[in-house]
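Here's a quick briefing to read alongside the model.

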Amino acid sequence: DQLIQLGFHRILTSGQETNAYYGRKCIRQMITHAQNRIIILPGCGINMTNLESILRETDEMFRRVSLNNIPFYSKQSSHLLSLCNNRIVSIGWYHSDSIEENLPEEQAYEEQRLSSHEATKILRTHEASVTLEASCPVKYYQVNYLGANNPPEDRQAQARIQSSNSNTYLFGVFDGHGGPWCSDAIGHRLFEYIAVSLHSPNDLETIMQKGKTIISSNRQNPRNLSSLLLHSYYSPYKDVRSSKTKELHQINLLKHIEEVYTSFDADNTDINSALESAFVKLDRDICAEAIPTPPQQVNEDLLHISTAGSCACVALVKDTDLYIANCGDARAVLGTTDNHGNSIAVSLSNDHNIRNQNEVRRVLSEHPPNESHSVIRSDRLLGLLMPFRAFGDIRLKWPINTLREYLQPYYKKGDAIPHFYITPPYLTARPEIMKYKLTKKDKFLVLATDGLWDLLTPEKVVELISNHQKGVQSFDRFVLNKSDGKIASLKLKDINELLSARQQAIKNQPMDQNSATDLIRHALAYTSKGKFDSKLLSDVLTFPNPRSIRDDITVTIVYFNQAMFDQYEGKAK
């Protein structure tokens, strides 16, 4: 409104997001609010794959037309042609102050390349639903991921800590950058370090003795030592580490166990401290492993892991206690209900980036005032990294001399030492930890990398999962009073309510039975009006360079065991 008053004619915008595809809903709101008083010009990241979706969201006039029957257009509107291999794939209308004079003589529309069945098959490739043990605070969890990077840089993991008190569960998503090596290592190692921090000295002594036997007798089976600490669940990822790297990681895990055992502090064994210690010590080991011990040479696999980076968001569930340890810009969102049964989204993590002013102040406070204009540049740490906390990324942690000696000879992207690199380290893997007390109102927890949050708000995610769960119920055969079969005791009013709920569930029946898959489908191909765009889904899934339009999307949904909460409440009383 102020720009209109000042006499401006046009606003170029990506909708307050990194590109116009992510910001298309905001752009639509701006156009609606402008009411033709000013031109809203979508810009940034528009290409043949997302063009139609952006137009469908932002312009009521959009429609496919034949060039043989082009309607009249004025200076305020012009047609937009999208070309691919000299073929016109779509024509739309958008606000502009220019006119394209030369029109192609022929038009051919590119057919949708994937059928609905083929697109769904791709979406479901990595989905899984895993039911956990009885007497567990978690009933089951669902996961899925859809890569954009090649290879995908996201990872996720789920495990139960092996101990006398085995009622502690871990779930995590890991968002890599600069390659998959760091996130892959974090996905395999972080839970091990957390489990070590949570074991008692007696347990650690037993594990340590067994571990020494395993390491000395069978170095070709690196999972054995881990199995003493964790019971791991479903994993769709291929371990990209070499056998030599796995062996070294197991040796260093044993050293970590010995270190924790010999320095055990009975006054510092709470879960918060254990989580923080595990994050910090694993990052310490990752950064140290890349520095060779003479006369050894630099191990380029270890250098890849430490040069790349990864954010991490981990949930620890123990009875009714929920802990979230977050490092970077992945997120944890709780799906709960209010007193009226309405779904509510509760954020249990903060993004560590330029949008978090507390995080900005923290970063600046750790460096001298004369660096205040160079520490954060272009909304990035040293102008390089968007998250302000992460594992790895030794270019933002090592001393200058160490970078020059060990990284520069292998660094192929120019100078290994960033500009204005004065008082390292600039980056930390120390997590921000939140604790939450679970109740019967809390239904599920969503852990996801920023590829999902770029496209869906936490409120929308919780709404979609809640509706999806109701719709999934309609896949089951309807039976009155399944539990005890006393149909005669039901009143007509009760039967009517059951049938009404069933009818609503059928209306909400989704395409997918897995809620994680349903979220990814909505993120990619649903319009702001809730309509599914199969053409867009086909284009997004077949686009030759998907990373140019979206990020890897990784989702873990943890469903709580409501029956167990009744038992916990009974014990508390």
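Helix H9 runs over residues 271–289, which makes 19 residues. In this predicted model, H9 reaches 27 Å from its first C-alpha to its last, close to the 27 Å expected at 1.5 Å a residue.

**More on H9**
- At the start of H9, Asp-270 puts a side-chain oxygen within 3.2 Å of the backbone nitrogen of Asn-272.
- The buried residues of H9 include Ile-271, Leu-275, Phe-279, Leu-282 and Ile-286.

**Aromatic pairs**
- Searching the whole structure turns up 11 aromatic pairs.
- Take Tyr-21 and Tyr-22: their ring centres sit 6.0 Å apart with the planes at 50°, so this pair counts as tilted.
- Tyr-21 and Tyr-22 are both buried.
- For Phe-174 and Phe-191, the centres are 6.2 Å apart and the planes are at 65°, so that pair is edge-to-face.
- Phe-174 belongs to strand S8 (residues 168–177) and Phe-191 to helix H5 (residues 181–198), so their pairing ties together parts 17 residues apart in sequence.
- Phe-174 is buried, and Phe-191 is as well.

**A cluster and a charge over a ring**
- Tyr-140, Phe-444 and Tyr-559 are joined into a cluster by ring pairs.
- Back at Tyr-21, Arg-24 lies over the face of the ring, 4.1 Å from the ring centre.

Notes:
Residues numbered from 1 in each chain as written. Predicted model: local features only at pLDDT ≥ 70, side-chain atom pairs only at ≥ 80, totals over all residues. Heavy atoms only, no water. Phe/Tyr/Trp six-rings, centres within 6.5 Å; stacked < 30°, edge-to-face > 60°. Buried < 20%, exposed > 50% of the residue type's maximum accessible area, 1.4 Å probe, protein only. Helix = DSSP H or I, 4+ residues; strand = E, 2+ residues; numbered from the N terminus. Lys NZ or Arg CZ within 6 Å of the ring centre and 35° of its normal. Expected span 1.5 Å × (residues − 1). Polar contact = N/O pair within 3.5 Å; in protein donor to acceptor, adjacent residues only side chain to side chain.
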